[in-house]
Amino acid sequence: LSGHTVTITGNVTADQIVVNSGGTLVQNSVTLTLNNGTGTDLNVSGTYRNGGTVTINSGATISYQSGGKYQHNFSTSPGTIPTATWNNNSTCEIMTYTTNNNTPSGFGQAFGNFIWNCPLQINSIDLGSALTTINGDFTITSTGLTGTLKISKNNASTLNVGGDFTLTAGRFALSEGSSITSVMNVGGNFTFTLGTFTVVEGSGSTGNVNI
């Protein structure tokens, strides 16, 4: 319920979990197994902060409603964003990375808003061209003092952002490599306040940002 925080501290199997607006579900480094019950099995209008493993059994579903938020709460390991249905006004926030330098899993889905917020990040993280669709806004607030967020390394990439792109701090690169083409299409506004924005790192490559 609104104002309540529920923390999962041990392995558990459940279905038809509802996180209301203003409520928070925190998962520690344990396994949440979702069974297929009637309707949506994890329905989030509040905040779901995940630091563990989510096993989705056959037929089970996760849905983020308008205003709902998923927080990817990993620091030294990449973790996996569970497959879900995302309202255009929901948010996926990547946070708390420190020494992790491996590619997280789970980017092959269409997100609503997407936020990268890792002020203690020290390494470059390559998303491997898996992030392709953000129907809402794409916001980068921090990649740490020495970290970089790269949409792709050594592979051509196309990222479609339906809303605004905002870079307020950190280092961002569409791709790194040679003889590749990288594209980011932004349907809304493009705001670059502080940090470093690079279309392509590497010689012999091309890239475009279409606004």
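Analyst: A disulfide is a pair of cysteine sulfur atoms within 2.5 Å. By that criterion, the structure holds 0 disulfides. Cys 92 is in no disulfide, and the nearest cysteine sulfur, that of Cys 118, is 11 Å away. Cys 118 is likewise in no disulfide, with the sulfur of Cys 92 as its nearest, 11 Å away. Please note that this is a predicted model: local features need pLDDT of at least 70, side-chain atom pairs count only at pLDDT 80 or more, and totals for chains, interfaces and linings use all residues. Residues are numbered from 1 along each chain as its sequence is written, and side-chain values use heavy atoms, with hydrogens and water left out.

User: Is Cys 92 buried or exposed, and how is Cys 118 classed?

Analyst: A residue is buried under 20% relative accessible area, exposed over 50%, and partly exposed in between (1.4 Å probe, protein chains only). Cys 92 has a relative accessible area of 0% and is therefore buried. Cys 118, at 1%, also counts as buried.

User: How should I read a sheet, and in what order do the strands of the open sheet lie?

Analyst: Strands of a sheet pair through backbone hydrogen bonds, either parallel or antiparallel. Helices (H or I, at least four residues) and strands (E, at least two) are DSSP runs, numbered from the N terminus; two strands pair if DSSP finds at least two bridges between them. Here, 9 strands form an open sheet in the order E1-E4-E7-E10-E12-E13-E16-E19-E22, with parallel pairing. Strand E1 (5-8) and strand E22 (190-192) each have a single partner strand, so one side of each lacks a neighbour in the sheet. The twist averages 10° from one strand to the next (axes are lines fitted to C-alpha atoms, for helices over the stretch in contact, and angles run from 0 to 180 degrees between N-to-C directions).

User: How many bridges join strand E16 to strand E19?

Analyst: Strand E16 (residues 138-142) and strand E19 (residues 165-167) run parallel and are joined by 3 bridges. Thr 139 stands opposite Thr 166 in E19.

User: Which strands does E21 pair with?

Analyst: Strand E21 (residues 181-186) is joined by 5 bridges to strand E18 (residues 157-161), running parallel; Asn 185 in E21 faces Asn 160. Another 5 bridges join E21 to strand E24 (residues 206-210), also parallel, where Val 183 stands opposite Asn 208.

User: Where does Thr 91 lie, and which residues is it in contact with?

Analyst: Contact means heavy atoms within 4.5 Å. Thr 91 lies in strand E12 (residues 91-95) and is buried, with a relative accessible area of 11%. Leaving aside neighbours within four places in sequence, Thr 91 is in contact with Gly 68, Lys 69, Tyr 70, Trp 86, Asn 113 and Ile 115.
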